[in-house]
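I opened this model to look up its charged pairs and its nonpolar core, and I kept short notes as I went.

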Amino acid sequence: MRTLELLQTHSLLYENATLLQVVGELDMATAPLVDQAVAACLAEQPQHVYLDLSRLEFCDRTGLGALLRARHRARAQGAMVHLISIHRQLRRSLAALGGTDLLAPSPA
């Protein structure tokens, strides 16, 4: 199966924020797609990038790494990454890795 069939991203830029929806499975094969999508969002120089994970079906350790890399890249550019609509198990995994600052309420 091709990586584009396993994971898709959709983004929407609005003023100083970008909403990036991640759909499918986030793992070793698809983490580079999230890296690329986050880089494309950050190229627009938003202050905030909201990653909507409501349609994320699976996320392994490599996928968690991609989310933490997104935080690091955004901070390097003076932006913030926030995860929204995150599943309970992923929330626990992020907490164990020190990534709770990524969690945020949905944007208004």
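**Notes on a charged pair and a core**

I began with Arg69, which is partly exposed at a relative accessible area of 34%, where partly exposed lies between buried (under 20%) and exposed (over 50%), with a 1.4 Å probe and protein chains only. This is a predicted model, in which local features need pLDDT of at least 70 and side-chain atom pairs count only at pLDDT 80 or more, while totals for chains, interfaces and linings use all residues. Residues are numbered from 1 along each chain as its sequence is written, and side-chain values use heavy atoms, with hydrogens and water left out.

I then searched the whole structure for salt bridges (a side-chain nitrogen of Lys or Arg within 4 Å of a carboxyl oxygen of Asp or Glu), and the search found one. It joins Asp35 to Arg69, with the closest N and O atoms 3.0 Å apart. The pair links distant parts of the chain, since Asp35 sits in helix 2 and Arg69 in helix 3 (residues 61–76), 34 residues apart; helices here are DSSP runs of H or I with at least four residues, strands are runs of E with at least two, and both are numbered from the N terminus. Asp35 is buried, with a relative accessible area of 14%.

Of its 28 residues, Leu26, Leu51, Leu53 and Leu83 touch the most other members. Helix 2 gives the most to this core, with seven residues.

Conventions: A nonpolar core is a set of buried Ala, Val, Leu, Ile, Met, Phe, Trp, Tyr and Cys residues joined through side-chain atoms within 4.5 Å.
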